[in-house]
Amino acid sequence: MTGPTRRLALIAWLILLLLSLPGVAQDVYIPVLVQDATLLEESTLEQASLQVATPDQIILFIHGYDMGAAESGRKYEELARTLQRDLAPSRAMILGLQWDSGGNSFLNPLGDYFNTLERARSIGRGPLRQLLLKLQDTHPDVPISIFAHSMGCEVTLAAVAPEITYKEDPPKGATYQPDESVRLAFAVFAGSDLDYDIWQQSGSAAMNWFDRVGLTWITVSDPATQGDKVLSFRTRIRGKAAGSLMPLMTQQQLDSVLPARKLILDDKNVPVDHELDSYFRPARVERLVATLRFLTEFGAEPPELKEIQNVLDAPNELPALRKYLDSTYAGAAFIALWRIEHLLCGSSEHLADRTLEKAVLLLADRPKAIWPLQAGSQCQSLRRALFPSEQTMRRAGAPYRSRPARYRH
């Protein structure tokens, strides 16, 4: 072996050694770089869709506003390692969308934010749809899931339900293959930057999302606390975010989605700092993986879904339903409130017309103002002081036992 050949062999051996060391990336996830709404090159699509020959799962990460490729790469790698470990021995193909997510303007940060919002929706309707349809075509029997964070939820929604129209900052350009349907087994919206009323405002188009997605998991802040500080600040410039308040839906949407167990609300360990890796800490990832296994691999039913089914199966009687208003699972508590509304008020009207929302909005800042609201309400859940529950009011600092007599019944 000549000197140069020997040196090349040594270099190759060192590279292999380095790749085998712990902590060194070994295609833990597949980065997919998207600068704007321009469609992806065919070579990029082929590379992304064929990294794992026979995957059991396909999972795509989508980061939010103001995150560069280097930062998202580090966080994606850490999250991918956790997922690969928890999903083993499944062969998961994990991709990470790295998109131009703004945060570049010091002189006009608000303008930069809204320009990025428009770009997020355009990327969803364009290259993300293209990628997801390619994955569906290449792996037709493999379930696809998305773990989205913050404004990444806007990218995701636009890809799966491009029919949704927006009053402001609409996406530019045509929808990629609008007649084709993107289908997801599982969608996780962590720290969602979507408007909390996006479902109600979208009407029938929103139902296309729930028809195409097996289960939607949305993190929400505990209404008795300030929760995610970034989303709280976002309220001042754009209104309430889906990640900080129970979703506002039409009666038709509520009465279709909730009994079908298509929606889970999760208020456990919502981080104050809004960071992607804070939302996707190992404890939450473990719960998400358990849910994903149940949806796609006939695994054991996770506690969240069991509790929701218990609420749905409970007798149509107030004592049987009321106890679930204090469930440790926010999704089950929300469905219990929906069922109580049907029992006492005859429909889910007061969830859809913001009557109950008024009480939720008072919890964090002015919980004692809930007492007069309840005393004068036509909604029986409020008037009977069933909602917010005694436990919730106590946590907010306004227990019912301290109510003035004029607010008692």
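Lys134 is buried at a relative accessible area of 16%, where buried denotes under 20%, exposed over 50% and partly exposed the range in between (1.4 Å probe, protein chains only). The model is predicted, with local features requiring pLDDT of at least 70 and side-chain atom pairs pLDDT 80 or more, while totals for chains, interfaces and linings use all residues. Residues are numbered from 1 along each chain as its sequence is written, and side-chain values rest on heavy atoms, with hydrogens and water left out.

Lys134 pairs with Glu42 in a salt bridge, at 3.4 Å from N to O; the term means a side-chain nitrogen of Lys or Arg within 4 Å of a carboxyl oxygen of Asp or Glu. Lys134 belongs to helix α4 (residues 109-138) and Glu42 to helix α2 (residues 42-49), so this contact ties together parts 92 residues apart in sequence. Helices (H or I, at least four residues) and strands (E, at least two) are DSSP runs, numbered from the N terminus. Glu42 is partly exposed, at 45% relative accessibility.

By this rule, 26 salt bridges are counted. Another one joins Glu163 and Arg212 (2.6 Å, N to O), linking the loop between α5 (152-160) and β5 (184-190) to helix α7 across 49 residues. Here Glu163 is partly exposed at 34%, whereas Arg212 is buried at 14%.

Arg287 and Asp266 also form a salt bridge, their closest N and O atoms lying 3.1 Å apart. This pair connects helix α11 (residues 282-297) with strand β7 (residues 263-266), and both residues are buried. Elsewhere, salt bridges with shared partners join Arg121, Glu154, Asp193, Asp195, Arg234 and Arg238 into one network.
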